[in-house]
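Dear colleague,

I am handing over the structure below, and my notes on it follow. Please read them alongside the coordinates and tell me where you would describe something otherwise.

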Amino acid sequence: MAALEEEFTLSAVTLGARPDGLLGVEESDKTDHFLVTDRSRTVILYKVSDQKPLGSWSVKQGQIITCPAVCNFQTGEHIVVHDNKVLRIWNHEDVNLDKVFKATLSAEVHRVHSIQGTEPVVLFKSGAARGLEALLAEPQQKIETVLSDGEVIKWTKFFVVYRHPVLVFITEKDGNHFAYVQMFNSRNLSKYTLLLGQEDNSVTLSFTAYVDRKFIFLMSLSSDGCIYETLIPIYPSDTEKNQRLVRSLLLKAVVSGIPPNGVTLTILDQDHVAVLGPPRPSSKECLSIWNIKFQTLQTSKELPQGTSGQLWYYGEHLFMLHGKCLTVVPCKCGVSSLAGALGKLKHTQDPGTQTMPHHVNWEISPGCGPGSQNSVQLRRTLRRKKNEVSLQPEVAVSEAAVSEQLLSTIKNGSEKHIEVELRKFLAKWTPDSHTAVGDIITGLLERSKAEPSFYPRNCLIQLVQTHVLSYSLCPGLMDTALEKTDVQMLQLCLQQFPDIPESVTCACLKLFLSIGDDSLQGININMESVFDYSNTEQEEKMEEQPEILRNGFNPEDSNCKETASCPVMRKRAALLNAVLHAAYSETFLLPHLKDIPAQDITLFLQYLYFLYLKCSENATMTLPGKHPPTLSQIMDWICLLLDANFTVVLMIPEAKRLLINLYKFVKSQISVYSELNKIEVSFRELQKLNQEKNSRGLYSIEVLELF
Amino acid sequence: MGEFKVHRVRFFNYVPPGIRCVAYNNQSNRLAVSRTDGTVEIYNLSANYFQEKFFPGHESRATEALCWAQGQRLFSAGLNGEILEYDLQALNIKYAMDAFGGPIWSMIASPSGSQLLIGCEDGSVKLFQITPDKIQFERNFDRQKSSAIRKMIVDRQYMSVSKRKCIVWGVAFLSDGTVISVDSAGKVQFWDSATGTLIKSHLIANADVQSIAVADQEDSFVVGTAEGTVFHFQLVSVTSNSTEKQWVRTKPFQHHTHDVRSVAHSPTALISGGTDTHLVIRPLMEKVEVKNYDAALRKITFPHRRLISCSKKKQLLLFQFAHHLELWRLGSTVATGKNGDTLPLSKNADHLLHLKTKGPENIICSSVSPCGSWIAYSTACRFFLYRLNYEHDNISLKRVSKMPAFLHSALQILFSEDSTKLFVASNQGCLHVIQLLEGSFKHLHTFQPQSGTVEAMCLLAVSPDGNWLAASGTSAGVHVYNVKHLKLHCTVPAYNFPVTALAIAPNTNYLVIAHSDQQVFEYSIPDKQYTEWSRNVQKQGLHHLWLQRDTPITHISFHPKRPMHILLHDAYMFCIIDKSLPLPNDKTVLYNPLPPKNESDVFRRRTAHAFKISKIYKPLLFLDLLDERTLVAVERPLDDIIAQLPPPIKKKKFGT
């Protein structure tokens, strides 16, 4: 949905607006503040919501401003150029432009560009561009000539693409148009020739553009009333100079007839453009908002007093000269949807209130911000594929196409073939296409179910490692892995999935406990969570000073030598740790724990007891290693296991010893804590003594220097 | 900017009294807070939580209950058995009425605001009718009949819920008939008032749950426990779209170390206060529309007024406590040093005088004259003036007797720079000017308030040449009087936010005014208009970090030799504003404690700005310039306050 709101006038008299309009409207460093430069001598700073000017500056009589004033967002200063070569920089407090910083340059300036997040850029009429800081360091430096003789800059725009400033400008020579893309980081200038199709006698009247990560989408309004779109690659693919770019038709019959001041096109967002011009021959001038995605006219507004054919758009405000007044039209573009484009969207909000997006775009996770509009892009690229093929074929193959391709391969291709296709897909993959990943996994599992011999393990592991999957997105995966006793896959799933049902967790545990040692031998398992328990260094240390209790752990009491060795092999320990880390809810887990055989329960308890002892060996109560189970996880699992299987465990003779040890150990810990509680007051006094040492006296004279 | 010797004073042994009651007024968005010493403070939540008014305490008047009724009338009741009404305009007590029921433990206004209910020690509940200018006893309820009252809170009502004797510390009666009780067993219990049955019980603490407050919509309430925890309960739907709702404990907050004696529930925030003396305002994120600085937690510990005055000539500090004054002489040093050094003292600070008040009332305000030979203070009904004589190390103190009858209470006392005049703001809006002579005084003039206003003046400032006197109340503009011609000179236009500090600059006679929204204005008294600099500040706006500070500026002073400098401070920083430098914009670093290195001129040009801020001394209660090169800073570290509080409930530290 796009809507134009009630217009308001910024000023009627103060602007010496001549029919040829303003020089420019530019954003200032505060929101809602805009710099308006007229064609003679004056720059005015407006606060739009208050509809009042905050400051006004003029150059001397006889001087003339030649480029719209801009704001340097890095310093908050304003920059203007007068008499083509004289650069002025001033602050908000400065009153007289004559007394502010002045730099006379060696060449004529076409425009100064400035946007948030980067330093301003000065574009010379010769086509050369310089960063402001570099220019000010040596104002008289020689400026090279880039453009050929007679070539004139028609339109310029400055972007930041992934923190890289990019300047694009269009020139004209003898009716031919050229596009230049200047990269500032690599100081790379690329030139393209714009081919303007067969409709020969049409003249391009206005340009506008937006960028995504790879392309500049240049839109042009032609005198035949149509809007065309041209894609300019930001990063040149090859070194060949003077590439040609074709344009494609985007919208037809937007305007008809050319008023004396011309027509203007301005992009509002990726789906909306604003057009200023007469919609029908001999009609009055009109401001219209078009949805280019669905090619519909969203709204329009008649401007009976005529305009200067200029239009600026900043932050939901359209600026134009209507009659002799600088007029602001607030304009809002919602998320483009078919319902919105057709005007069928229910409009429930008061016009005054802050807009919320009407549609939740599920494909854009909140917080991802502007980088995540790829899904829109995706469809767009598909539609535009034809145009691009001539330009850059390898870019045009989109990820959607790859995933389609992959899905068809999965149905009947060989495992090798699928792997190759998958690699292609993952190369183009972005975190937004998790549904595509889910589709692929489902496809693979379906085929695996139909053909028992088909189990593309590598592919599945690669897909799980994309970190976007969850249990609910591919419910069959863990079941299949359990069937195939693929413990590596199960470990990976336990680590990655946030939403594994307790029954499946328990089934994994069952498998991990019962699987034979020899079958674990050859399997590659992530050992991150397991510390090398066979390392006996610590034990030796403890044996040297056996009298010392460590967190209540008395080696003589609990037969240290017997329990200090890990009851399971390291690979199994890694698998069990994965289960310990998994999220669960007690109520749902308890009934499943009862199904585990008694022998396995004993083994698991032994392992947990071992971990508990290891934990108690140091003061911080943690296990060594990169991602070890925490003490509370271990304790919770011990409690759970005992709760679920207490009667069974009591019956087994070999578990009896374990239970007694566990009981003794917990008892000794409780007594330690109660002792600690008794001497807590003493600790506090010690702490207080420590603090007093640090604190200064009640009175001192100190030296302070303020800068 | 300069190097200063700073007298860093930490011997101001001030402990704010604990909070007993908090009461929120929805109509004016104000909060009344009563403390254990009987002081009642009014906070304006719309004006950046500024403490705009206060009523001094009284030894025998322990406030146990506080409530708003009939819009914006404030009542309190306490252990002396009296009900008090406060005059919020004149800042005094309108009347005190004995309820004849022994100590009063609780009080609440009826929902319509026309009746007042009190719970007394003898077990009776009394109903008072609120008339336009007083309250009138209406009837007495026995215990059995008290269920007829729709909504009330009675402390000390015994119920045998558990085997142990359990004290119900608070109850709330909801309009659907649910009664919520909080008790000493740590439980929050829901009862059906029709059947008298227990509906639900939440065990939330090992210690007492001491307070409860319900939101106006009755969809959420807050309780405070003796462990310092505050719990938020909300009425939420059982499932996402069912109409059945139940009370759920949603959020625990631990902002206190001691008992939370009282809680309040404003539409957007939970307010709690207790023995640890902090007033905590915790906005509810789901109720705050704009996620700006208003959504941040506020913890108010120190009063927003000055308790310290200073004699520059004699290097004396006068500390004001509830019932006594202390006069200290600062030490001295002959050493010099570089930034950050602590200099060896050649003479330590001396405690010269400990002056106890007579009578049970708290001191409202006090002042020591710049020459150091006069001390004046005032309680709610008496004004005291003392003459000090210094003979070597001996000090003799002589009270100036026979104060005129009109001088019985003052809200603010100020001496002129040459200590020949005394300015007293009394609570009917009058300003008295008194000429001080050796050992006696002469009443010169009284500036009467503007006709029709009775608003008390709480802030005074006099120009160093003694010609101008500025006075400000809590809401109207600042009045400037010409002391020579004894007439009103002009009135600075009223601003939306209350004034927090005032001062007049030497030579220029520019009046600098700080407001609770952190704006600073400079007004030229001779020209009767804002100065160019002040206009510039308004045009450009202050730095956003400056505006986001959460304590008000409490003191402004000037450098005697540098007319372009303004020195001001709040509780966490002090700042010297150099008016000759450009103002910082939002992109510049406001607080830049590091010295500039040899960087390019471009960098200096961009970073040097008018606000020189130091955050070394905090919490800072007072800061002033003694002379060109000497500052005095009075700090009150929070740890020292905590050390003087009773110990909190012991919690197990090990094996939890």
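This is a predicted model: local features need pLDDT of at least 70, side-chain atom pairs count only at pLDDT 80 or more; totals for chains, interfaces and linings use all residues.

**Helix packing in chain A**

A:Leu477, A:Met478, A:Ala481 and A:Leu482 in H10(A) are in contact (heavy atoms within 4.5 Å) with A:Met489, A:Leu490, A:Cys493 and A:Leu494 in H11(A). The residues of this contact divide into 8 nonpolar, no polar and no charged, where Ala, Val, Leu, Ile, Met, Phe, Trp, Tyr, Cys and Pro count as nonpolar, Asp, Glu, Lys and Arg as charged, and the others, Gly among them, as polar.

Residues are numbered from 1 along each chain as its sequence is written, chains are lettered from A and ligands numbered from 1 in the order in which they are written, and side-chain values use heavy atoms, with hydrogens and water left out. Helices (H or I, at least four residues) and strands (E, at least two) are DSSP runs, numbered from the N terminus.

The axes of helix H10 (residues 476-483) of chain A and H11(A) come within 9 Å and cross at roughly 150°; axes are lines fitted to C-alpha atoms, for helices over the stretch in contact, and angles run from 0 to 180 degrees between N-to-C directions. That angle makes H10(A) roughly antiparallel to H11(A), on a scale where angles under 35 degrees count as roughly parallel, over 145 as roughly antiparallel, 65 to 115 as roughly perpendicular and the rest as oblique. H10(A) passes H11(A) in a left-handed crossing (left-handed if the near helix is turned anticlockwise from the far one by less than a right angle, and right-handed if clockwise).

Helix H11 (residues 487-496) of chain A also packs with helix H16 (residues 570-581) of chain A, at an angle of about 30° and with the axes 9 Å apart, which makes H11(A) roughly parallel to H16(A). This crossing is left-handed. On the H11(A) side the contact involves A:Val487, A:Gln491 and A:Leu494, and on the H16(A) side A:Ala574, A:Leu575, A:Ala578 and A:Val579; these residues divide into 6 nonpolar, 1 polar and no charged.

For helix H12 (residues 502-514) and helix H17 (residues 586-593) of chain A, the axes come within 9 Å and cross at roughly 40°, so that H12(A) is oblique to H17(A). Their crossing is right-handed. A:Glu502, A:Ser503, A:Cys506 and A:Leu509 of H12(A) make the contact with A:Phe588, A:Leu589, A:His592 and A:Leu593 of H17(A), and the residues divide into 5 nonpolar, 2 polar and 1 charged.

**Sheets and loops in chain B**

An open sheet of 4 strands runs in the order E27-E28-E29-E31 (chain B) with antiparallel pairing, two strands being paired if DSSP finds at least two bridges between them. Its edge strands, each pairing on one side only, are E27 (308-311) and E31 (350-356) of chain B. Within this sheet, E28(B) and strand E29 (residues 324-329) of chain B pair over 5 bridges, and B:Leu316 has B:Arg329 in E29(B) as its bridge partner.

Another open sheet of 4 strands, also antiparallel, has the order E32-E33-E34-E35 (chain B), and neighbouring strands in it are turned by 20° against each other on average, direction ignored. Strand E33 (residues 374-379) and strand E34 (residues 383-391) of chain B pair over 5 bridges, with B:Ala376 opposite B:Leu385 in E34(B).

A cis peptide bond, with omega about -10°, joins B:Lys618 and B:Pro619, and B:Pro619 lies in the loop between strands E51 (611-614) and E52 (620-627) of chain B.

**Confidence**

The predictor gives the complex an ipTM of 0.83 and a pTM of 0.60. Chain A averages a pLDDT (the predictor's confidence in each residue, from 0 to 100) of 77, with 81% of the residues scoring at least 70, and over residues 535-550 of chain A the pLDDT is below 50. Chain B averages 86, with 92% of the residues scoring at least 70. In chain B, confidence is lowest in strand E14 (residues 157-159), at a mean of 39, and highest in strand E28 (residues 316-320), at 95.

With best wishes
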